[in-house]
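Colleague: I would like to go through this model and ask what lies behind the words used for it. Please set each value against its cut-off.

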Amino acid sequence: MCETYHVGIRTARDVLRRLSQEDLIRTEERRPSVVIYRRPEEEGNQVEISAVLARRVEIGEIYETMGHIMPELFAFSVQVCGREAALEYLKGMKKDGGSALEVRWKTASTALHRLLDASCNLLFRDVFSSLKICARVPFFLECSEAASLSRAYRDYGNPVWIAEAVETGNPEEIRRRFRTMYRALADGVEEYLASLAAMADGTGCGTPEEKRCFSWNAKLGRDHYYLQIARSLIDRIGTGFYRDGSFLPSEAALAAEYGVSVSTIRKALAMLNRLGFCRTYNVKGTQVTLFNDEATFYALKNRVHKRETLLYLSGLQFMTLAAGPAAKLAFSGISGTELLRLKEKMEQPLSIPLDVLIRCVIRYLPLEPYRVILQEVSDILHWGYYYSFYEGGARSANELNNRALNAFALLEEGRRDAFAGELSGCFGHALEMVRDAMVEFGLLEAANLVTPKPQ
């Protein structure tokens, strides 16, 4: 559980204790926990149906979001691990191709998780799992006798059809088949939910109130206060708010600004010292030193710092794949008035054009689950880390800024696909820049996070 959810052993034990207190599981010393919950027979499935109908709109948006994100992630994972390895992961899908729907789904789910793991990205599996959980897949599998769902599965054959696409080795064909699969599932689920809603109206119960509860935390188990503050200070240092050679505010002033204790600030500053961004002196305070090669080399031997850097690179890689489809979806909602606001923001001192653009795209995305995911990933991309590689920080006219400004020009010209492609390219450039530097510093695992090929 600790490895799956990226948490400490104490957190895992707290969760198990809570589940046991609520009579959902039974725990015994040195034995696996056992699920003991049983749905009350007298209630039938009415409680589940009401819960699903209460989230009907959100469930539809989740399936649509999966249709935009997951084809990109799966096709890229095949690219990373290679055709032969991918087929090995998916061979169980062929074996169970003629089995019952529930068996086929579980086999496919296991195979696809293994495929995503092969990408070496720390976020792909989490995104997929969170979407699946909120899509209420078990509920629809239990109700698979519904004609609409049966038709949805016939529309794309079965998961074997996906494995056959991998055999072709053609990324576009892999993406196309995954899109077809998710489109069929989204249509089938919506048709089935419509029939359930009609039945509920017929009983006089009416349609339950719509509830929104999709959530996903990209920083699961890594969101300590001192890490948040360290990221914030890195942003300010890398973008030039705190210049090289200057001194940071006192520990007391930083504690007051961030609303934390002085000891939390000291942990954050200690991290910056180890990463080479600062050096703390007795009495004098903490001086900005930007990147110190020797300090960075030793810091990356630390498990926590390695994980943080790999998470950062994983975020850049994810955005390279997901930002383009998002830009296409948001494009029509970005008005002329918004373009003027964007231009004004990008011209402000210390602004980061790419950050301004992606936050605009997120704001105008019509799918809430997609917005949640991109917002979470954007929050871990502390741009100061990237700009610290340049002597002039964000003020220097580096390639990333130039490409982001070019993306904005394409947006102004109304060239949707070109804008989406250039936006993805910006994240790809940042990934290459930081990854290659980290490999030179000795973080060899960073080399596994390859840059997605442009479509």
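Modeller: The chain has 22 helices and four strands. This is a predicted model. Of the 455 residues in the chain, 49% are buried. Among contacts in the chain with a separation of 6 or more, 72% are between residues 24 or more positions apart.

Colleague: Why is Glu-422 called buried?

Modeller: Buried means under 20% relative accessible area. Glu-422 has 15% relative accessibility, so it counts as buried. Glu-422 lies in helix H22, which covers residues 416-440. Neighbours within four places in sequence aside, Glu-422 is in contact with Arg-403, Asn-406, Ala-407 and Leu-410.

Colleague: What makes helix H7 largely enclosed by the rest of the structure?

Modeller: Helix H7 takes in residues 124-134, and eight of its 11 residues are buried, so the helix is largely enclosed. The buried residues of H7 are Phe-124, Asp-126, Val-127, Phe-128, Ser-130, Leu-131, Lys-132 and Cys-134. After H7 comes Arg-136, with a positive phi near 55 degrees.

Colleague: How do you know that strands E3 and E4 pair?

Modeller: Pairing needs at least two bridges between the strands. E3 (residues 278-281) and E4 (residues 285-288) have four bridges, in the antiparallel sense, so by the cut-off of at least two they count as paired.

Colleague: Is Val-283 buried or exposed, and why?

Modeller: Exposed means over 50%. The relative accessibility of Val-283 is 89%, so Val-283 counts as exposed. Arg-30 can be read in the same way. Arg-30 lies in the loop between strand E1 (25-28) and strand E2 (31-35). Arg-30 is not a glycine, yet its phi is positive, about 60 degrees. With a relative accessible area of 84%, Arg-30 is exposed.

Colleague: Why is the contact between Arg-26 and Glu-28 called a salt bridge?

Modeller: A salt bridge needs a side-chain nitrogen of Lys or Arg within 4 Å of a carboxyl oxygen of Asp or Glu. For Arg-26 and Glu-28, the N to O distance is 3.4 Å. That value is within 4 Å, so the pair is called a salt bridge. Arg-26 counts as partly exposed at 40% relative accessibility, and Glu-28 is partly exposed with a relative accessible area of 38%.

Colleague: Which parts of the chain does the salt bridge between Arg-359 and Asp-379 link?

Modeller: In this salt bridge the closest N and O atoms are 3.7 Å apart. The pair links distant parts of the chain, with Arg-359 in helix H18 (residues 353-363) and Asp-379 in helix H19 (residues 368-379), 20 residues apart. Arg-359 is partly exposed at a relative accessible area of 28%, and Asp-379 is partly exposed at 37%. The whole structure has 27 salt bridges.

Colleague: How many cavities of 30 Å³ or more are there, and which helices supply at least two residues of the lining of the second largest cavity?

Modeller: There are three cavities of 30 Å³ or more. The second largest cavity has a volume of about 120 Å³. Helix H12 (225-238), helix H14 (262-275) and helix H16 (303-330) each supply at least two residues of its lining. The lining has seven nonpolar, three polar and two charged residues. Among the lining residues are Leu-227, Arg-231, Met-271, His-305, Glu-308 and Tyr-385.

Technical notes: Residues are numbered from 1 along each chain as its sequence is written. This is a predicted model: local features need pLDDT of at least 70, side-chain atom pairs count only at pLDDT 80 or more; totals for chains, interfaces and linings use all residues. Side-chain values use heavy atoms; hydrogens and water are left out. Buried means under 20% relative accessible area, exposed over 50%, partly exposed in between (1.4 Å probe, protein chains only). Contact means heavy atoms within 4.5 Å. On a 1 Å grid over the protein atoms alone, a cavity is a set of points where a 1.4 Å probe fits but cannot get out, and a pocket is an open set with protein on both sides within 12 Å along at least five of seven lines; lining residues have an atom within 4 Å of a point. Grid points are joined across faces, edges and corners, and a volume is the space filled by probe spheres set on the points. Ala, Val, Leu, Ile, Met, Phe, Trp, Tyr, Cys and Pro count as nonpolar, Asp, Glu, Lys and Arg as charged, and the others, Gly among them, as polar.
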